[in-house]
Amino acid sequence: MRAGESGRLVQSHGRTVERRGPAGRLALPAMLVAAAVLAVGSVATAQSTGQSTGQSAGGALAVLLGGEGTSTRTPDHNAFSHPMSNLTFADRASFNIGNAVFRRAWVVAPSSTASADGLGPLYNARACQHCHLKDGRGHPPEANFPEDTLLSMLVRLSVPGETAGDPPRPEPVYGGQLQDLAAPGLVPEGHLRTDWTEIPVDLSGGETASLRRPGYSIVDLGYGPISPDVMLSVRVAPPMIGLGLLEAVPEDAILANADPDDADGDGLSGRPNWVESPSLGAVALGRFGWKANVATLVDQNSGAFNGDIGMSTALVPASFGDCTEAQATCRSAPHGALDGEVEVDTQLTTFLLFYTRTLAVPARRDADDPQVVRGAEVFADLGCSGCHNPTFRTAADAPMPALADQEIWPYTDLLLHDMGEGLADHRPDGEASGSEWRTAPLWGIGLTEVVSGHTYFLHDGRARNLTEAVLWHGGEAQAARDGFAALAPDDRAAILRFLESL
Ligand code: HEC
Ligand code: HEC
């Protein structure tokens, strides 16, 4: 899924596979397209909910976490799936088509539904939605291998550069990502095995917790030995809300919080991840992914099509997905592209981009509950907000009016922080080291259970609840973590209530 790894740099291999006539590529329900085109011509105005988004003089907390487009609908299991409320009528039509692309289950080529084929040959899931379940987060295997394997998560792979100082490379045989599914006639690459170890933790006031430490290995290898130097990074699918707003935060505003050498001596040294952006054709500020390893949403979406589903797009045109040269049967398997074309055309990726930009952030609940307000104070006092930066204003020249000039409350600085040995995956990613992670946005986190039916947090879903998520913090966040563990139990409950209000 990550742009910048093997797939992105591989040019279309130019192999032609004889299959169908050009009529095969009618890709969209024609009525929906017609509706969208008609609506573009109509005069539609963005409406704002009119509510204040700031903190009032009385200290009430912001409710409209995602600016004027915040969803104020009753939060139920669809809470992450609503369009921003300030979209025009035309925009809503585009959102609906994009949603259909996000949910579409692709099939292996050749097939009778030519517009939906090209899956694989190696892949992790048939649809975006299969990992980003209900537009929410994925989860780790619920049970230990072999009862359960990869589902809504993936494993990135790399090996060290050829000489010291060179950037890591994709694993020579298995590529940049482990695909645990394959088209008929091909074998999957393997499965992730997780072995959990419980670590008891004492908290103040006689409370206790237990952290489960994962041990990862890859089993059932389908293409021979994997490099003994392979580095693994196990990541669950993050929630899809508010991403267009994060993309619209001005770069200057993000860099203003960077303090790589901790010049202000607060123990926090957030730094940007500079990554190659295929869409911009340049090195750019990374914002997406657990290590801020991708700069733009279109890069992320195309990388996902390539690495996760094995589909080609204009930006990542390799129709064989993440198959390496060493996987010859995979490279020569049938694919879904006509000669000179890609499997997912630009019309579809444009609607998909629209969708990934405009999923609404739900409104905060219980903003005036005294325990929530107290929790917000404790959150600031402990230094959580030093990384989980509460608020930004999006750029006035954002790509669409609904995203522009919005006061948003994502609780992230979008920067990398060293989170210590406990969370380290020891796999560098762009400029991010093996122990650095992007501060996770916290908006919507209190609705995880409602939307996703679980409360697994952090990059690999190892934390089983919010308390465990905080207790895993180390490195730059060690002082905040220790402060949390030492809080009077009432204040610890308050901070959790504050998180649940988001
Ligand atoms: C196999 C599971 C899986 C599938 C399928 C999948 N994703 Fe993801 N997605 C992930 C994971 C894991 C990440 C985090 C990646 C990282 O940290 O490098 C992610 C990250 C993202 C992000 C960035 C979110 C953020 O907060 O930074 C976007 C956008 C995204 N995916 C879109 C898509 C789209 C569009 C599709 C379909 C074309 C898709 N994904 C398919 C697992 C998946
Ligand atoms: C040094 C920066 C830093 C500080 C300080 C910090 N965090 Fe975090 N936080 C992060 C990063 C980075 C992650 C993602 C880590 C990962 O996934 O491995 C994260 C993740 C989280 C998550 C899980 C989010 C998710 O989507 O899974 C929660 C909850 C959280 N932090 C709460 C807090 C609280 C509460 C405090 C204060 C006690 C705090 N954090 C202090 C950087 C920080």
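**A hairpin, and what lies beyond**

Guide: Strands β7 (residues 274-277) and β8 (residues 282-285) run antiparallel and are joined by 4 bridges. Strands pair when DSSP finds at least two bridges between them. Helices (H or I, at least four residues) and strands (E, at least two) are DSSP runs, numbered from the N terminus. The model is predicted: local features need pLDDT of at least 70, side-chain atom pairs count only at pLDDT 80 or more, and totals for chains, interfaces and linings use all residues. Residues are numbered from 1 along each chain as its sequence is written, while chains are lettered from A and ligands numbered from 1 in the order in which they are written.

Look across the pair. Glu-276 stands opposite Val-283 in β8. The two strands form a hairpin, with 4 residues between them. In its turn, Gly-281 has a positive phi of about 65°.

Thr-197 faces Arg-213 of β5. Here 5 residues lie between the strands, and Gly-205 in the turn has a positive phi of about 70°.

Now turn to ligand 1. It has 29 residues around it (C-beta atom, placed from the backbone, within 6 Å). Cys-128, Cys-131, Phe-288, Gly-289 and Ala-304 come nearest. Several elements each supply at least two residues of this shell: α4 (128-131), β2 (153-158), β6 (231-236), α7 (297-309) and α9 (346-357). Helix α7 gives the most, with 7 residues. By class, the shell holds 17 nonpolar, 9 polar and 3 charged residues. Ala, Val, Leu, Ile, Met, Phe, Trp, Tyr, Cys and Pro count as nonpolar, Asp, Glu, Lys and Arg as charged, and the others, Gly among them, as polar.

Two of those helices, α7 and α9, also meet. Their axes (lines fitted to C-alpha atoms over the stretch in contact, with angles from 0 to 180 degrees between N-to-C directions) come within 10 Å and cross at roughly 120°. That makes α7 oblique to α9. Angles under 35 degrees count as roughly parallel, over 145 as roughly antiparallel, 65 to 115 as roughly perpendicular, and the rest as oblique. Leu-297, Val-298, Asn-301 and Ser-302 of α7 meet Thr-349, Leu-352, Leu-353, Thr-356 and Arg-357 of α9 (C-beta atoms, placed from the backbone, within 7 Å). This contact has 4 nonpolar, 4 polar and 1 charged residues.

Helix α9 has another partner. Its axis and that of helix α3 (residues 89-103) come within 7 Å and cross at roughly 105°. The helices α3 and α9 are therefore roughly perpendicular to each other. Among the residues in contact are Phe-95 and Phe-102 of α3, and Phe-351 and Leu-352 of α9. The contact has 9 nonpolar, 3 polar and no charged residues.

Follow the chain on from α3. Pro-110 lies in the loop between α3 and β1 (122-123). The peptide bond from Ala-109 to Pro-110 is cis, with omega near -10°.

Note on methods: Two residues are in contact if their C-beta atoms, placed from the backbone, lie within 7 Å.
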